[in-house]
Amino acid sequence: AENVSLGEQLDYTITGIEPGAGITGLSHKALEEYENLEGWELLESSTAGMIGSLEEAINNEEPIIVTGWTPHWKFSAYDLKFLEDPKGILGGSENINTIARKGLEEDMPGAYQILDRFYWETADMEEVMLNAQKSSYEEAAMNWIEDNSDKVNEWTDGVEKVDGEEIELVSTQWDTELASGYVMKAVLEQLGYVVTLTPVDPAIVFQAIATGEADASLAPWLPTTHASFYEQHKEDIVDLGENLEGTQNGFVVPAYMDIDSIEDLQP
Ligand code: PBE
């Protein structure tokens with residue numbers, strides 16, 4: 001398509017994911033703040049829809065811009081790059097935090113201590129996510145726990161077993177948080193807890209913890225992706241700090257595309 005601008009080829013569209021995702025809100029903000037993105041739009045759909053469009057474009061060696069993040073398998077399956085974000089709107093390097101409802105520490109000190117200690121590395125999370133594609137999150141979590149008993153023992157050291165105490169975890173629906181959520185579920189179950197793990201939108205994660213409807217979550221991406229929800233509820237939640245460091249959101253393109261920065265896009 002010579003002489004046809006990239007914007008025209010893409011119909012001035014960035015391929016997005018679920019409306020409730022933090023990255024969707026950040027992307028709308030980027031469309032407002034980058035003057036060169038005037039006239040561009042975000043197509044909201046689903047993570048599966050975004051991946052389908054990305055695969056189709058790559059199969060046809062066509063251009064595409066998606067809202068993407070890491071850790072995610074798309075970076076090992078395809079040669080992709082983040083567009084530079086000189087205004088820093090899409091977040092840069094971030095962390096995933098653990099949050100709990102007020103009162104959980106008094107009500108369930110053992111579970112609280114494990115939640116507070118829970119910390120792992122990107123490679124751990126990626127291993128669970130990859131194995132879950134071949135089996136299930138339950139199985140992948142159990143296998144990871146068996147192979148990493150040293151780490152698990154550090155989290156559970158000295159914590160007393162309970163007899164069927166119920167604890168409710170909320171997660172988001174993305175692979176990253178299903179991985180951590182299912183690992184925590186299995187660890188708590190080994191100590192006698194009865195655990196529910198419910199995937200909900202990020203807004204609901206924070207609301208459920210703030211109102212005490214749920215006990216804890218390993219899902220918040222901070223300081224940027226879920227900042228609006230965090231600000232809204234921070235007085236009513238307990239922040240247990242990072243459980244993983246080094247995530248990133250951004251506009252992602254196939255490496256064969258001849259642009260490097262959001263500012264390379266033309267209105
Ligand atoms: N994500 C993956 C989520 C958090 C985890 C980046 C798509 C989001 O809220 O945007």
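The report below moves from the overall fold to the domains, the nonpolar cores and the ligand shell.

## Overall fold

The model is predicted, and its protein chain contains 12 helices and 10 strands. Along its principal axes, the C-alpha trace of the protein chain spans about 70 × 40 × 25 Å. A compact globule of 267 residues would have a radius of gyration near 18 Å, and because the protein chain has 20 Å, the value agrees with that expectation.

Of the 267 residues in the protein chain, 40% are buried. When contacts are counted between residues at least 6 apart in sequence, 82% of them join residues at least 24 apart.

The protein chain is divided into domain 1, which takes in residues 6-92 together with 249-264, and domain 2, which covers residues 95-246. The C-alpha centres of domain 1 and domain 2 lie 28 Å apart. To the contact between them, domain 1 supplies 12 residues and domain 2 supplies 16 residues.

On the side of domain 1 that touches domain 2, helix α2 (residues 22-33) gives the most, with 4 residues. By class, the residues on this side of domain 1 comprise 5 nonpolar, 7 polar and no charged.

In soluble globular proteins, nonpolar side chains tend to be buried together. In this model the largest nonpolar core has 49 residues, and V128, A179 and V183 are those with the most contacts inside it. Helix α10 (residues 175-190) gives the most to this core, contributing 8 residues.

Leaving aside residues up to four places away in sequence, V128 touches A140, A141, W144, A179 and V183. Apart from this core lies another, made of 25 residues, with I14, I17, V66 and I262 among them.

## The shell around the ligand

Which residues are around the ligand? They are I17, A21, G22, I23, W69, T172, W174, T176, P202, W221, T225 and N249. One of them, I17, is also among the residues of the core of 25 residues.

Sorted by class, the shell around the ligand has 7 nonpolar and 5 polar residues, and no charged residues. Each of the two domains, domain 1 (6-92 + 249-264) and domain 2 (95-246), contributes at least three residues to this shell.

Key. Residues are numbered from 1 along each chain as its sequence is written. This is a predicted model: local features need pLDDT of at least 70, side-chain atom pairs count only at pLDDT 80 or more; totals for chains, interfaces and linings use all residues. Helices (H or I, at least four residues) and strands (E, at least two) are DSSP runs, numbered from the N terminus. The radius of gyration is taken over C-alpha atoms; the globule rule is 2.2 Å times the number of residues to the power 0.38. A residue is buried if 20 or more other C-beta atoms lie within 10 Å of its own, exposed if 12 or fewer, and partly exposed in between; C-beta atoms are placed from the backbone. Two residues are in contact if their C-beta atoms, placed from the backbone, lie within 7 Å. A residue is near a molecule or strand if its C-beta atom, placed from the backbone, lies within 6 Å of it. Ala, Val, Leu, Ile, Met, Phe, Trp, Tyr, Cys and Pro count as nonpolar, Asp, Glu, Lys and Arg as charged, and the others, Gly among them, as polar. Domain bounds come from an automatic or database domain assignment. A nonpolar core is a set of buried Ala, Val, Leu, Ile, Met, Phe, Trp, Tyr and Cys residues joined through C-beta atoms within 7 Å.
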